[in-house]
Amino acid sequence: MAGSQDIFDAIVMADERFHGEGYREGYEEGSSLGVMEGRQHGTLHGAKIGSEIGCYQGFAFAWKCLLHSCTTEKDSRKMKVLESLIGMIQKFPYDDPTYDKLHEDLDKIRGKFKQVRALCVSSC
């Protein structure tokens, strides 16, 4: 009777055992795939942000060079706004993905760029 009881327990407990094993295997595979997908997403998103900020920086440096020799009051205002944008870009934390105000600072840079673009392009 003890032998048949062990067989019965093995049959009844098989469902629970297989459920546990399946859960562990699924969890391990999901964790592995999640890390890979997270890295891919982070790399892509980081590259987009870097490209965007690089574009703003190039625009600002080009206009700074163009306005460097100008001395009118309007051009000095443009230079101040350009310097402000360049300063914001230089302070941007490129290498700290855990920076909690990253998107807030990026939005400020975008706003400053729009201001610079409006000032510089409208007077051409």
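A disulfide is taken here as a pair of cysteine sulfur atoms within 2.5 Å. By this criterion the structure holds zero disulfides. The sulfur of Cys55 has its closest cysteine sulfur in Cys120, at 14 Å, which is too far for a bond. The structure is a predicted model, in which local features need pLDDT of at least 70 and side-chain atom pairs count only at pLDDT 80 or more, whereas totals for chains, interfaces and linings use all residues. Residues are numbered from 1 along each chain as its sequence is written, and side-chain values use heavy atoms, with hydrogens and water left out.

Accessibility was classed by relative accessible area, with buried meaning under 20%, exposed over 50% and partly exposed in between (1.4 Å probe, protein chains only). Another cysteine, Cys65, is exposed, with a relative accessible area of 63%.

Aromatic contacts were examined next. A pair of aromatic rings is described by the distance of the centres and the angle of the planes. Rings of Phe, Tyr and Trp (its six-membered ring) were paired if their centres lie within 6.5 Å; planes under 30 degrees apart count as stacked, over 60 as edge-to-face and the rest as tilted. The count by this rule comes to five aromatic pairs. One of them joins Tyr56 and Phe113, which are stacked at 4.3 Å centre to centre with 25° between the planes. Tyr56 lies in helix H1 and Phe113 in helix H3, so this pair ties together parts that are 57 residues apart in sequence. Helices (H or I, at least four residues) and strands (E, at least two) are DSSP runs, numbered from the N terminus. Tyr56 is buried, at a relative accessible area of 10%, and Phe113 is buried with a value of 10%.

Phe59 and Trp63 form a tilted pair, with 6.4 Å between the centres and 50° between the planes. Both residues of this pair, Phe59 and Trp63, lie in helix H1, four residues apart, about one turn of the helix. Trp63 counts as buried, at 14% relative accessibility. Ring pairs link Tyr56, Phe59, Trp63 and Phe113 into a cluster.

A contact between a charge and a ring was also found. A charge sits over a ring if NZ of Lys or CZ of Arg is within 6 Å of the ring centre and within 35 degrees of the ring normal. The charged end of Arg17 meets this rule over the ring of Phe18, at 4.7 Å from its centre.

Grid points are joined across faces, edges and corners, and a volume is the space filled by probe spheres set on the points. The largest pocket holds about 310 Å³ of space. It is lined by 13 residues, of which Gly46, Ile49, Tyr94, Pro97 and Leu102 are the closest to its centre. Helix H1 (2-67) and helix H3 (102-122) are the elements that give two or more residues to this lining. The largest share, six residues, comes from H1. With Ala, Val, Leu, Ile, Met, Phe, Trp, Tyr, Cys and Pro counted as nonpolar, Asp, Glu, Lys and Arg as charged, and the others, Gly among them, as polar, the lining of the largest pocket divides into six nonpolar, six polar and one charged.

Several further positions were characterised by accessibility and C-alpha separation. In helix H1, Asp15 is exposed, with a relative accessible area of 60%. A separation of 65 Å is found between the C-alpha atoms of Gly20 and Val121, 101 residues apart along the chain. His41 has its place in helix H1 and is exposed, at 56% relative accessible area. Its C-alpha atom is separated by 15 Å from that of Ser51, 10 residues apart along the chain. Arg117 lies in helix H3 and is partly exposed, with a relative accessible area of 40%. The C-alpha atoms of Arg117 and Leu82, 35 residues apart along the chain, are separated by 9.5 Å.

Key:
On a 1 Å grid over the protein atoms alone, a cavity is a set of points where a 1.4 Å probe fits but cannot get out, and a pocket is an open set with protein on both sides within 12 Å along at least five of seven lines; lining residues have an atom within 4 Å of a point.
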